[in-house]
Each structure stands twice: as structure tokens, then as C-alpha cells.
Number of protein chains: 2
Amino acid sequence: MGRLVMKFGGTSVANIERIRNVAQHVKREVDAGHDVAVVVSAMSGKTNELVAWATETSPLHDAREYDAIVASGEQVTSGLLAIALQALGIQARSWQGWQIPIQTSDAHASARITGIDGAELIKRFKERREVAVIAGFQGIHEGTGRITTLGRGGSDTSAVAIAAAIHADRCDIYTDVDGVYTTDPRVVPKAKRLEKVAFEEMLEMASLGAKVLQVRSVELGMVHNVPVFVRSSFDKPEDIDPHGTPPGTLICSEEEIMESQVVTGIAFSKDEAQISVRHIEDKPGIAAAIFGPLADASINVDMIVQNVSEDGKYTDLTFTVPASEYTRAKDTITRAKDKIGYKAMDSATDVAKVSVIGIGMRSHAGVAAQAFKALSERNINIRAITTSEIKFSLLIDAAYTELAVRTLHTLYGLDQA
Amino acid sequence: MGRLVMKFGGTSVANIERIRNVAQHVKREVDAGHDVAVVVSAMSGKTNELVAWATETSPLHDAREYDAIVASGEQVTSGLLAIALQALGIQARSWQGWQIPIQTSDAHASARITGIDGAELIKRFKERREVAVIAGFQGIHEGTGRITTLGRGGSDTSAVAIAAAIHADRCDIYTDVDGVYTTDPRVVPKAKRLEKVAFEEMLEMASLGAKVLQVRSVELGMVHNVPVFVRSSFDKPEDIDPHGTPPGTLICSEEEIMESQVVTGIAFSKDEAQISVRHIEDKPGIAAAIFGPLADASINVDMIVQNVSEDGKYTDLTFTVPASEYTRAKDTITRAKDKIGYKAMDSATDVAKVSVIGIGMRSHAGVAAQAFKALSERNINIRAITTSEIKFSLLIDAAYTELAVRTLHTLYGLDQA
């Protein structure tokens, strides 16, 4: 007997047949004796259709109206799933964000959840074992009484926030993959599903492009210590033993991972561009002169590498930006040339970032050194290096991305047996 | 300077181009200095799509979930129109039923409006001339906090109720026809648009099949004395003089119609069936014995004709039902034969009901007599007659429907010059 949040994304509720399949998943957990809150996204394609209408009406539209429009997608799914559950003889009702309410900031289209009162949902679990079917992605700003949305992928965040509010034992995220892998299986066929990942590791993986979960939902899970279980909605409900251990990946606090691997996963990103600014004065304020204009232009800078200068006078500085912002970034630096006072700028777009992530790194020395050696044996040149407590990232020529990822995957013992 | 409610149905907001057209209509009235509240339906086809999903999920679905699902259609339109208005430089915001709130009973899928607080909308008119764009068809039951809908055509009712709540001078119903006609122009090409119709007359016309307005909206207009103006949304906004008198029909109280016609319009319905029960005892309880079983079977009985018997002992009784319920009605009467104690039953499906409507009838004798004479001159047999204060209805052979309607239309001086 436990309390569970089950979250289903757009492809899992794409049509009535799929919604009925979701109802069977929910029934399985209810039959096993659990209190269940379900969080649903819009039927796949619906949000895009609604966004397109808003944009066609006016490209620069009021975000408050945009939110009222797009929130309707989740409203429909929540009602349909409630009906599908009732048809299976399960007590269920739909909840819109404003009905619970899920309170948020007034940053329309990218609001943050500020509070959820789970008392009524818990009361209904106790009194009549009622399943709560909650429209994800949406909330209400109580000051204005208007509908808000949390931004793309926001239903993951809704699910984890609801789980915290009702003190759920676990938040199950049903998705179109069966868990989090050590790296992209399309690049490394030997990639294996992780049984457990620490929140901190998942944060690094999610922000580095393992697009299984929205980053904010992982943050929220970490803050409120809600174990998040990523699993497949394509598993047949009747094949699953509710008392067994289904395939999936548990994202949880570090303490719950008995023997953490030194390295948990390898992430990579090819959409990178590198810009190096040569022969700049090594003095206070020089970094601000470079990154101030980039921030003003809303350009996301990722890696920044500056070495200690040999002569104490001049140095070089390298940074990376998303490939899509490469031209704007170069223009920005060129326009700021007089202020920065650099001698030359060189740049490259055919670069990739490979990151090695693992909580175990903290207590193991020489993890990065192994990588440098293995890559050099493959003649892969490392253009830049950055490190943090639980990861290190390497900038390399894009052509070597797959080779580098496979080499590191084998090196750190991640290959499937 | 006045206050106006403008209501647009599904075909008027069918796509973004049509929504932009609606915005131009609204702009015209705002520019003329009016306070404006707009009530919108779902984009045409959307409600049907949502209803079909609910039914596909479960034919016998929870009406509360049905309401949450279908109310989303109006939510989308209200947001899109608010955006379209803002793009024209007009201050506007969308309102869902629960935001105003539009309070209703908890009769889900056919709720009745119980109260609307117009204070906030009026405050915004005064403070910032903000146009209120209101999702029609929907409300909230405050006891449960759940979304309700008013039943098909409910947006008309929303519009008139909002008009009453904000003390509007007029409620404009934009539709795909340019007003209410003396009869169906497809049958009588000389039918003309009525400038004004009394609420009572419109009630008779609406319930008799002139499907321009939902009956409940006319009742509401009558109770709260809100003039309702039926006009076309296909008129080009730029061609309309906001200070002039646009084409349309004003539905208003009798007092505002200076010289009322004796006859205002001719309604007709071909979907009728007639059942006559012959040689029944003329005694108390006999009508109950016939209509009790029909009511139990939820069969709508319309006309009922019973004449005074000649001998004080036996009489005949005739009634009509919708053609779709003919077989069930006959079966019901046959099963009750012993209780009723009739000698014979005869029936016909090829019958039509023609109704002549006019407030002026009250003060003019012999209006019906003129009809009897004119129809007999055309050899049209009258099978049954019923009368009320402001209308009389004739049951005739269906084959003569068009001829009868045209004859009466000319007789009462309704033909276009």
C-alpha cells in the first residue's frame, strides 16, 4: 500500500485507444492497493496545433492568452482519462490546475510552481479511494486568477510537484523509452539502461541532452526528495507484475544508491561552436568585457576556458555557444573588439562536447586522466577541458564524436555484457 | 455611448481568418465608443470532435467530465479572439466561465445559469475600456467547483445572461443569417426580414423550428428585458455604419413595437405524426390513461385535440408526436388499450403542422377564420386545430405544406413588396 503519481506524456495519450491503455496501467496500481494521482499531457500534436493558431492570429501574442489557449489540451485529456477509468469501474475525477489549485508565478508560458495544496486529494484517497486525474503543464496565478503554463515539458514538473504535495512514495514517468541509458543507444549499441541514477547525475545528463526528463522536474525531485521512476508506457499493462520490479530507471538521492559507479553515463552534444579570443590583456574586467555583450544579446555561453598566462600579461580565452548562435556571437565579439582589445579571433563550428558524468568521481582520483590517455591512443585531439565535481567535459572535433563516446563507454565499464 | 454584448457562433469563428473578421466587428463598436463584451462559441466542428472523443471513450460517460472536455472549445476561441483584438490595438482579455464566475446549477451538460456578477467587467470598462472576451456555453457550479455547460446552443443564453448582468443596452447575436424572417425563405421566396419581433412571438417561432436562437436565450431576454438583435456575421465590418441601423431583427418587449402586425410570422414543421383514438368514454381520467403511458415512455406530445362529445358518452381524441417517435407512440397506446378502452386507433405520418403567430391576434377577432376560408378555397383540408393567445396551429396533409404556408403568408400581408 503506497501512494503513487503516474505521469503520461503526449504519445501515451495520442488517441482514445492509447488513453484506454493508460487506464489499464492505472487500474493495475489501484488494484494493487495504491493511492494514485495521474498527471497527463495533451494528446500528441494538440499543443503544436494550438500554438500554431495563436501564432497565426498574431506572432507577438499576449502570453496570458497563449496560456489560456494551450492549457485546453491537457484539460481534454484529463476528462477523457477520467471517463476511461470510470468505464473500468474505478472512482476517478479530473482536476484542472486552477481547481486544485496548482499555484504558480505569473511568468506566463514559463511559470514556476509556487505551491500546491494536496489536502483535498489526500482526503479523497482516504474517503473513497478516488483517483485524481490532473491536467499537467498548467496552473493558476492566484493574484490575477489567470491560467498559467509551465513551458514545454512542464507536465514532468507538474507530476513531481504533485508527488511532493501529496507525499507520494514515488513518481512514475511513463514515456516512450524504458529508462535512462548510459549514453545514446543509437550511437553506442552496447549502451545499457541504468537501474538507478542520483538526482545530481540526472541533472547533468538532462541538461546535456538526454531528453528523457525536463531539468526542472529533476531539480524539484532532488529538493523534495521524490524518487522519480522513468519507465515505458508501451509495456503491456497485463504483463506487468505490480509487486515486482518493472524495467525502468529510478532517479533518487545518492544515499539510496548502494554502490555507485565511478562513471554513470556519457553525454554528448554536436550542436556546439567554439570561439577563441587571442592575446587579450590578463587583467581584471577582461572577462566581463567579453561576456557582458554576449549576455546582452541573450547568447547562451556554455564552456569557458581561460588558462593562466605565461607572462602574466597576455592570455587566450575560449568559449562555446550553441551552433545556432554562432554567427551572432562572432558579430557581437567583433563589434566589441575595441573594448576587449584582442589581437585575433578564431572559431570553429565542427566541434562537439563529450561529457563524462558520475557521482563516484568525487572520491576517485585520475578518472579524467584515464580519458585523456584513451582518447590520445585513438588520436583524438582534445581542444578544451572543463571539470566540475561530478563531471568533466571535453571539446573535440565533431568527426570523432561517436568514436570518442564509444571509447569512453568501454573505458569506464559501461558496455552491456 | 452604450454598452453592448456581441455573440459570435461557431461558423463565425471557424478559423483564424474568420476570427480576425470578428475582431474587426468588435473594433467598429469600440471605435464608436461602446463598452463591449464578446461571447464566443467553439470553432465550428470542434464541439462535435470533443463530444465524439468522450463518446468513443465510453458511451455512458460522466456528464461532469464531458463538461470539462467540451468547455475547452470555447476556451480556445476566447483566447484567440483576445489576441486578435490586441493585434488591432484594442485592450482585451479572455474570461472563462469559472473566472467571472458564471454560476450555474449542477445539471451537468444542460446547466441553468443561476447568477453572474458583472461588477469586475463593468469596472474594467470604466477604468481601461477593456473588451471582455467571454467563453460562451460554460459556467461553474460553485458548490463543487466544477465546470458546467449549458447544452447545445448555450452560447446564446450565455450572451443574454451576460447582457443582463452588465446592464447592456443590447445583445447582438451574429449568426449566418441576417435576421428572423416571416417564414422560411426557402419555401416562400417572398418572405421578408422582420425589423422587430416581440419576445413572446420569438418564443413561439423558436420552439416551432425557426432555429435562429436558442429558446432559453429568448426567455432570458424577456425576463430581464434585454433587447436581442439578430444580425449577420458575414456583413463586411468596413461596410457597416456603427451609428446607422444595420440589417437585422430586434427581439424586444411588445411595448417597443409601435404598430404590431396582426400576424408576424408563419412557422411550420413536417416532422409530425398524428394518432387518433376513437370512441373513448367521455369521463374523468381518460386523458390521463392515454398521456400517462406516453409520458412514462418520454414521448413528447405536441398538439392535443379533444372535442366535446355529441352524446355526452363517447368522444375521439387526436394528438401529434414527432415523426421519429411515431412507432413507439403507437405501440404504447396499443399496449394500454385495455386501460383506455378505445374502439379503434388510426394514425398518419404524412401530416404537417402550420402555425400562425402574432401578438396582434389578441386584439383582432377572426384572424383564424380568415385562414380557414383561404385554405378551403385551395382545397386544403384541416385535420385539427389548436389555438393560444398569440398563435394558432393547423394540422394538414404534408403534401400541402408549402402551398398552405404561401397562401397564409400572402393572406396576412407578409409578402415582400
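Colleague: What are the ground rules here?
Modeller: This is a predicted model, where local features need pLDDT of at least 70, side-chain atom pairs count only at pLDDT 80 or more, and totals for chains, interfaces and linings use all residues. Residues are numbered from 1 along each chain as its sequence is written, chains are lettered from A and ligands numbered from 1 in the order in which they are written, and side-chain values use heavy atoms, with hydrogens and water left out.
Colleague: What is the mean pLDDT of chain A?
Modeller: The mean is 92, and 99% of the residues of chain A reach 70 or more. pLDDT is the predictor's confidence in each residue, from 0 to 100. For the complex, the predictor gives an ipTM of 0.83 and a pTM of 0.85.
Colleague: Where do the domains of chain A run?
Modeller: Domain 1 covers 1-253 and domain 2 covers 263-410. The bounds come from an automatic or database domain assignment. Their centres, over C-alpha atoms, are 35 Å apart.
Colleague: How many salt bridges between domain 1 and domain 2 of chain A?
Modeller: One. A salt bridge is a side-chain nitrogen of Lys or Arg within 4 Å of a carboxyl oxygen of Asp or Glu. Lys391(A) and Glu204(A) form one, at 3.3 Å, N to O.
Colleague: Which element gives the most to the domain 1 side?
Modeller: α6(A), with four residues. Helices (H or I, at least four residues) and strands (E, at least two) are DSSP runs, numbered from the N terminus.
Colleague: Switching to the chains. How much area is buried between chain B and chain A?
Modeller: About 3200 Å², with 62% from carbon and sulfur atoms. Buried area is the accessible area (1.4 Å probe) that two parts lose on being put together, summed over both. Domain 1 and domain 2 of chain A bury about 1400 Å².
Colleague: And the pairs across it?
Modeller: Chain B and chain A share two salt bridges. Lys46(B) meets Glu49(A) in a salt bridge at 4.0 Å, N to O.
Colleague: What supplies the largest share of the chain B side?
Modeller: α3(B), with 15 residues.
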